[in-house]
Amino acid sequence: MPKDSHQRAAEFHDLAAHAHRVAAAHHGKEDHQTGHEHSRQAMEHAANAFRYSQEAHQESEKAIAKSEKNT
C-alpha cells in the first residue's frame, strides 16, 4: 500500500511542476490572468503532493516498525 501513496505523491508533484511551467510561460507572454490560474492550480497540486507525501511517509514508518517488530 505505501507504493500507492508514493505514486500519487509523484503524480501530483509532476502536475504541480507542469502547472508552474505553464504559468511561467503565460506570465512571460503578459497573459497574467491565465498565468494566475495556472499558478493557483500549481499550488493546489503541490498541496496535494505534500499531503500524499506525508501519508506515504507515515505508511512507510508503520511498515518499518511492523517489520522490525516481526524480526
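**Working notes**

Analyst: A24 is partly exposed, at 48% relative accessible area. The classes are: buried under 20% relative accessible area, exposed over 50%, partly exposed in between, with a 1.4 Å probe and protein chains only.

User: What kind of model is this?
Analyst: This is a predicted model; local features need pLDDT of at least 70, side-chain atom pairs count only at pLDDT 80 or more, and totals for chains, interfaces and linings use all residues. Residues are numbered from 1 along each chain as its sequence is written, and side-chain values use heavy atoms, leaving out hydrogens and water.

User: How many helices and strands in the protein chain?
Analyst: Two helices and zero strands. Helices (H or I, at least four residues) and strands (E, at least two) are DSSP runs, numbered from the N terminus.

User: Where does A24 lie?
Analyst: In helix α1, residues 2-28. The C-alpha atoms of A24 and H36 are separated by 9.3 Å. Those two are 12 residues apart along the chain.

User: And H45, buried or exposed?
Analyst: H45 is buried, because its relative accessible area is 19%. H45 sits in helix α2, residues 32-70.

User: What does H45 touch?
Analyst: F12, L15, A16 and A19, not counting residues up to four places away in sequence. Contact means heavy atoms within 4.5 Å.

User: Switching topic. How many salt bridges?
Analyst: Three in the whole structure. The criterion is a side-chain nitrogen of Lys or Arg within 4 Å of a carboxyl oxygen of Asp or Glu.

User: Which residue meets R8?
Analyst: E11, with N to O at 2.8 Å. Both residues lie in helix α1, three residues apart, about one turn of the helix. R8 is partly exposed at 35%, and E11 is partly exposed at 30%.

User: What about R40 and E37?
Analyst: Their side chains meet in a salt bridge at 2.7 Å, N to O. E37 and R40 are three residues apart in helix α2, so about one helical turn separates them.

User: And R40 with E44?
Analyst: Another salt bridge, 2.9 Å, N to O. Salt bridges that share partners join E37, R40 and E44 into one network.

User: Last one: what size box do the C-alpha atoms fill?
Analyst: Roughly 60 × 15 × 10 Å, along the principal axes. The protein chain has a radius of gyration of 17 Å, but a compact globule of 71 residues would have one near 11 Å. That radius is taken over C-alpha atoms, and the globule rule is 2.2 Å times the number of residues to the power 0.38.
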